[in-house]
Amino acid sequence: MKILIIEDELELAKSIATYLSEQHYLCEFAPTLQDALDKIQLYQYDCILLDIGLPDGNGLKLLEELKIQRKQDGVIIISAKNALDDKIQGLQLGADDYLTKPFHLSELTARIYSLIRRKQFNSSNIVVQNEIQIDLLAKTVIVNDLPVVLTKKEFDLLMFFIGNKNKVISKSTLAEHLSGDIADMLDNHDFVYAHVKNLKKKLQDAGSNPYIKTVYGTGYKWEN
Amino acid sequence: MKPLLSKITTPFLLYVLIVLGVSVPVYYFVIDGIWKSELDEHNEIIVKKTTYELNRLQLSEDSLQASIALWNSIQPETNIHKVKPGDLLQDSVYTIEKPQRFVEPKTIDRFRCLSSVIQINGAPYRFTVQTNIEESVETIAAIAATTLFFFAILVIGLLILSRKISFRLWKPFRDTVEKLKAFNLNSQQQINFQQTDTIEFHELNQSLSKLLEKNVAVYRSQKEFTENASHELQTPLAILKNKLDILLQDPDLSDEQYQLIEDMHKALSRSTRINRNLLLLAKIDNSQFDHSERINMDALVSQCIEVMQEHFEQKQLLLQQEIQPAVLLTGNSSLTEILINNLLLNAIRYSNVGDTIAVHLNQTSLAVHNSGSTSLDKVLLFKRFSKLSKNSQGSGLGLAIITEIARYQGWTVDYQFENNQHIFSVHF
């Protein structure tokens, strides 16, 4: 899987690449808009991470270029701006997702994972994880041919774990993922514990292996 | 407070009144003096003329006496009589007042008199002439009436003139004041003052323009600074967060180190939150949101409660909802959602396990009640970064944001403490 990281902040780009390469993604860098435009002409990427505020221009230009060239690369905008306008404009121009800085790398990885699955397996949107089958479109889960009924939050959690296999994920990260902006306004993140417990129980009741492990007391990890 | 015009006119008119008032006796004495000296001259001429004529006639003693008697009887205002031996032979001038004899009703007349000793046919006679002179009361009355008349004309003229002139003269000033009243620093628009040929107003307008220009520039740069600073902070925060994410994956991590990272994450999340909230406040200040959207408030409140449901359950909070249907408002839906979320989270955060939270929505207000023991300081409450509780993870901006969003959409926020309940309400 090839990923193009269009980001002028070197440290940020490096961190993303480090995290992603452990998930067996191949990362390339483009610190300027010109570099990025050159690269998308030459290569095909599974996912492009696009920072809008680039030193030599607005990243949204790249989206227009992709559209002109009729390229199907998935694009996730990473922006320091939380501006609603940018978000809507970006998504209208063909971006698939929008992430506001600062974000957790696990959040980014989960989004990249979903995006690539959505883009590449358009007709059969099914992720198979050993005995677990996940239908991304219908949002249903089947374990050993038995349907498991998950709540929306539990399904979200499952996808987050699958996208971050073998990674340590802290409780606060999951809290942010599940409740978005309001997470850091909550005094405790115990609700995460309840959701994870339910997900674990439902999967194991259906006969799945105990993939979700608790690490360091309060962290989680999908071990596979 | 009185308008400038009346402040100037009143002392001015008072001054005129005093001057004119003083002028009445002055006029009287002057006119009376002129009268008297004229009449004295007149009396003297009569005396001289009469003496001359009587002497010219060269009458015999008898016919002289008869003539004098006749004179005295037909000229009651004059009197000629022989000087008795021993009388002083001095002339005198004086004024007398006596009632009139032949006109009804009886009025007092004033007379200027001259009593002079004349020589007729070598014998001394005392000749007394009395000439009617205007009475002092009449003189004073006439002068006073005239003065009053002119005073009235002066007052009326002054009032009309000053009103007319000031209306025209102060027009640019009033224009300036109106423009200043309508000025809003937030809108960042410069004022163009009316051109004027009055030096004072021109100077005033110029100084105001300069002052406003500077203020607008300072305000803009301050707002831009907040927004830029918040933006610039996002990237280093992102780097920190991501580095911690990577550190978290270190296989040799101890439980203690993991906890340290988690604590750092929490602090980082908080700074991110503060930063985001500052950015949000700056954007509201900069009017970067459209506040003309139609908002279905009841649906929005229900939706926010729904999202928050698990957090109510987490703290075993009992939720009482009284939501009136079809509450339609105008504003920005994203901001309104933030406002509702902040209100709800605030209530959740400061409630104890098992408490009750009540949400009331009707056509005019949204109120969130949660239990508490003491009233909070209303003034500090809505101020930025004034945290009233010690052990809070909040950004200290939640209520400030509520206030700003409400203000931006033309709503008001209120806090009350009743029956051991904190009541935060937003009035549309």
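How many bridges join β12(A) to strand β14 of chain A? In this predicted model, in which local features need pLDDT of at least 70, side-chain atom pairs count only at pLDDT 80 or more, and totals for chains, interfaces and linings use all residues, the number is 2, and the two strands run antiparallel. Residues are numbered from 1 along each chain as its sequence is written, while chains are lettered from A and ligands numbered from 1 in the order in which they are written.

Strands are DSSP runs of E with at least two residues, helices are runs of H or I with at least four, and both are numbered from the N terminus; two strands pair if DSSP finds at least two bridges between them. Strand β14 of chain A covers residues 219-222, and its Tyr220 (A:Tyr220) stands opposite A:Ile169. The open sheet to which these strands belong has 3 strands in the order β12-β14-β13 (chain A), with antiparallel pairing. Because β12 (168-169) and β13 (212-215) of chain A each have a single partner strand, they stand at the edges, and one side of each is left without a neighbour in the sheet.

Chain B contains 10 helices and 11 strands. Strands β10 (residues 412-418) and β11 (residues 421-427) of chain B run antiparallel and are joined by 7 bridges. B:Asp414 has B:Ser425 in β11(B) as its bridge partner. The hairpin of β10(B) and β11(B) has 2 residues between the strands, and B:Asn419 takes a positive phi near 45° there.

Of the 428 residues of chain B, 21% count as buried (20 or more other C-beta atoms within 10 Å of the residue's own, with C-beta atoms placed from the backbone).

Terms used: Buried ≥ 20, exposed ≤ 12 C-beta atoms within 10 Å, placed from the backbone.
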